[in-house]
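Trainee: I would like to go through this model with you. Shall we start with the terms and then take the parts in turn?

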Amino acid sequence: MFPWLTTLGLIPLIGSGVIALLPKGRDLLAKQVALAISLVALLVSLLMLADFQKNSGGLQLVESHNWIASFGIKYAVGVDGIALLLILLATILAPIVILASWNEAENGRFSVKAFFALILILEAFMVGVFAATDVFLFYVFFEAMLIPVYFLIGSFGGTQRSYAAVKFLLYSLFGGLLMLAAVIALYVISKDQFGAGTFDITALTKLHIGVQLQRWLFLGFFIAFAIKAPLWPFHTWLPDAVAAATPGTAVLLVGVLDKVGTFGMLRYALPLFPDAAKFFTPAIIVLSIISVIYGALLAIGQTDIKRLIAFTSISHFGFITLGIFAMTSQGLSGATLYMVNHGFSTAALFLIAGWMISRRKSSLISDFGGLQRVTPVMAWTFFIAGMSALALPGLSSFVSEFLVLVGTFTRYPWAAIIATVGIILAALYVLILVQRSLHGPIAPGNENLPDLSRREKYAIAPVLAVIIVLGFFPKPLLDVINPTVVQTMQVVGVTDPAPTGGK
Amino acid sequence: MNFHVPVIQYAEVLPILIVLGAAVLGVLVEAFIPRSLRYVFQVVISLGSILLAFVAVVRLHGTSHVAVEGSVVVDGPTLFLQGTLLLLAIGGVLLIAERGLDTGGSAFTAHAATLPGSEAERTALASGIIQTEVFPLTLFALGGMLLFPAAGDLVTMFVALEVLSLPLYLMSGLARRRRLLSQEAALKYFLLGAFSSAFFLYGSALIYGYAGTVSLSGIREAISSNAGNDLVLLMGVALVTVGLLFKVSAVPFHAWTPDVYQGAPTPVTAFMAACTKVAAFGAILRLFYVGLSGLRWDWRPMLSGVAIVTMVLGVIWALTQTDMKRMLAYSSIAHAGFILTGVVAVNKAGLEGSLFYLAAYGFTTIGAFAIVTLVRDSTGEATHLSQWSGLARRSPLVASTFALFLLAYAGIPLTSGFVAKFAVFAAAYSSGSSALVIVGVLSSAIAAFFYIRVIVLMFFAEPKEDGPTVVVPPIMTTAAITLAASVTLVLGVMPSSVLDLIKSAARFTF
């Protein structure tokens, strides 16, 4: 069969090499090449769908080659429904980010072409991290991904960029190293039980690991993912990183990259250590609820648009982990759908906020006001994005948030009830943001702001279209997600609780 | 009375003989060849003999034999380490031979015997003499290093230790610039080294008292048959271990490392940091895996403790450094701890992991110090960390290559350092030392901080007004850096063939 996933990873990787070799000063050419390559990758990812059987919950489009034979390490890739959607999320957002960031790299420490080369490298690694089915390979991508992001934040970001880049890197590295210890343990256990060490995820789920050890290993994986996701109290790097990053980088970081955390919980932490996962579930549910409420409360208190969006994301990631650890089919489906929807709605928020900031030369919410009358198109698109963030029915986030809450309620009613408060708070932070920035009298300095350019409209239109279409018609995604969810629940060994109502 | 004529398998010790022979030849060159031609002769002899010796090692591949009446063991680990040492030495000699960097012509003093600041020194400098005695010294040290991991008895091990150490003491004092610092380093290294040699010798004597033999296989048998007084044995083992841990700069025997690394001419530091560690760990592996394997329940806890202290203190001290060479010195201490986690595994995986780690670490070290020689201001190398800020602006390629070496040190995937760390940690975990793995992983996290701090400095900080210039690397340094960088990458991305080689080689003969 055609090696779809490898091809998909290689296209942006080779593209970044091509851009790096372009002559100095040809910035426009570098941008055009980057856009073209990301569009080719998008096309390939769509063609790949033809070979994907949506009714099967297992791994598909599998490729496997020996890499480091002495340790049983393979270059093994494959996707289930969840990984497939996240890869699509990456390939769709990449060209949008490139188009939207057209003029963002001009003030960086490094050349414009370096920015776009780094974006493409990041895209390649994102495909790799979601496609890897070998735990070692996953770890390699998981860590390698940090390098392009580090340079994207540190070289092209705003005032606090060095600090934010280092904080991001150290948090992630710390989590990654904890995971490495657990990966090493898994390898040694597999060597003891199978005779030869392996990192194959399917084989590793068949290991018999003692309860005590399982808990430690679970924590190793979980903390790494919780930092990445980020879950309270591991979240403090995110607002700093996002506030310093360019909007394009923020989209890829929060929209796609942080999903590696929740994806990892679903793909690795749960199936590998089901007993430990069940043991820690109450604690994780509590952390998730804290994230939901805490993120929302802090979002209300922010004065900086980008930091506000960052805190809304912490709240939303709380919902996602809540859905995952509710361990019901609705909860898992909702959480997976949420990962995709959150990617698009955050992308819209960051991109438009970025354009607002670059026009006004300020990211303070108080500096905006009355944009509705000055720049109606920008204001309306921002409004739709905001409504999606508060999960207005008819927009995509609503479906996923609803599924998560339903799924959680059947098992942990109290958790679902508290989390619902998060929805009310979400309405509050979005509406306050909208009111202060879009409505009211035109703030001084805003009188002559230009509306969205044609390029910006082309960039944002597909995102809003996806948000609206998935709001009314999420079935195609759920059709892909559900078989995988069923499969995951089988591996973990949980079933939905029986319905309690109906008396 | 019958005399037994020792049988010497010349073919099997050929690599050592070639290097030591070339060293003697180098001394003759110093005596008889006119000064103007010496440099060419020395470089050709050094590089040629190292290459020849490497060919000899390759031809011995697969040999597994106790040669020279039991004093030299030519087996898989010996040959792998000798091959590694020779390749590293090529890099080291290239750096030592570099003449395009320092305005004075080379990194070495014009007249080592003159007092710093004296009239004689000024005369020597004014005469424009460039000495070449460092080449035979390097070859003598290398000869000792080749013998060290092959030593089959404690006396041979001691001789190898001295042969490798004495030239290094001298070489540390040969710096052209900051000569007082360099001479202080040499003296410190010599005094502490002499102490540790005495420890080693005294320990050997005690072990001889216990076992009645100095041969490692004899000691092994004596331990398994419980031959004598355990106390004598344990004291002997402890003293011998002190001597060896000194050479790999494990805590608490590390105190010389930062001063010597900083004071010695940087090419010598590169050679010494990379090769001494490889050779000394080779000796440690043989001593503990062959001679003292029956005693593992006694020495494992001790070495585990040393490994933990070395990793933790190494990285914490490295955090506080402001000088590049001192930071690399403390990082080398921390890496000694990481390698020790592989050693204390006492299984095949531990041996394999340690061997791989040594190779990976050696090449990265050569490359890192090679780059330190490139960043200079008017007074010589600019080693203060603040002088490196904004380096990427001025020479992105040099900064990127240095970043590669730092990432390899930090153990980021797709570099050799990551595979190496994985190998030793996996070995340690499989032998039940999960505590070591946890400490190792946490130390790696701290270590990542100071390596990345340098990357931040180079890439994200503003360059200083009066900052140093980055010299365009001349050919020999370029060659050494290219060798180091390519090995660092290949061992990170495609380590399979080397791991397979190690797998087939990792068996001690005794």
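Mentor: Domain bounds come from an automatic or database domain assignment. This is a predicted model: local features need pLDDT of at least 70, side-chain atom pairs count only at pLDDT 80 or more, and totals for chains, interfaces and linings use all residues. Residues are numbered from 1 along each chain as its sequence is written, chains are lettered from A and ligands numbered from 1 in the order in which they are written, and side-chain values use heavy atoms, with hydrogens and water left out.

Trainee: How far apart are the C-alpha centres of the two domains of chain A?

Mentor: Chain A is divided into domain 1 (1-256) and domain 2 (273-495). In contact (heavy atoms within 4.5 Å) are 47 residues of domain 1 and 48 residues of domain 2. The C-alpha centres of these domains lie apart by 22 Å.

Trainee: Is Ser397(A) buried or exposed?

Mentor: Ser397(A) sits in helix H18 (residues 396-411) of chain A; helices are DSSP runs of H or I, at least four residues, numbered from the N terminus. Leaving out residues up to four places away in sequence, Ser397(A) touches Asn341(A), Ser345(A), Ser388(A) and Ala391(A). Buried means under 20% relative accessible area, exposed over 50%, partly exposed in between (1.4 Å probe, protein chains only). At 2% relative accessibility, Ser397(A) is therefore buried.

Trainee: How many residues apart in sequence are the parts tied together by Glu121(B) and Arg179(B)?

Mentor: A salt bridge is a side-chain nitrogen of Lys or Arg within 4 Å of a carboxyl oxygen of Asp or Glu. Glu121(B) and Arg179(B) form one, with the closest N and O atoms 2.7 Å apart. Glu121(B) lies in helix H4 (residues 119-127) of chain B and Arg179(B) in helix H7 (residues 179-211), so the pair ties together parts whose separation in sequence is 58 residues.

Trainee: What is the relative accessible area of Lys188(B)?

Mentor: Asp259(B) forms a salt bridge with Lys188(B), the closest N and O atoms being 2.6 Å apart. Asp259(B) lies in helix H10 (residues 256-263) of chain B and Lys188(B) in helix H7, so this pair ties together parts 71 residues apart in sequence. Shared partners join Glu184(B), Lys188(B), Asp259(B) and Arg326(B) into one network of salt bridges. Lys188(B) is partly exposed, and its relative accessible area is 29%.

Trainee: What is the mean pLDDT of chain B?

Mentor: pLDDT is the predictor's confidence in each residue, from 0 to 100. In chain B, 100% of residues reach 70 or more. The mean pLDDT of chain B is 91.

Key
Helices (H or I, at least four residues) and strands (E, at least two) are DSSP runs, numbered from the N terminus.
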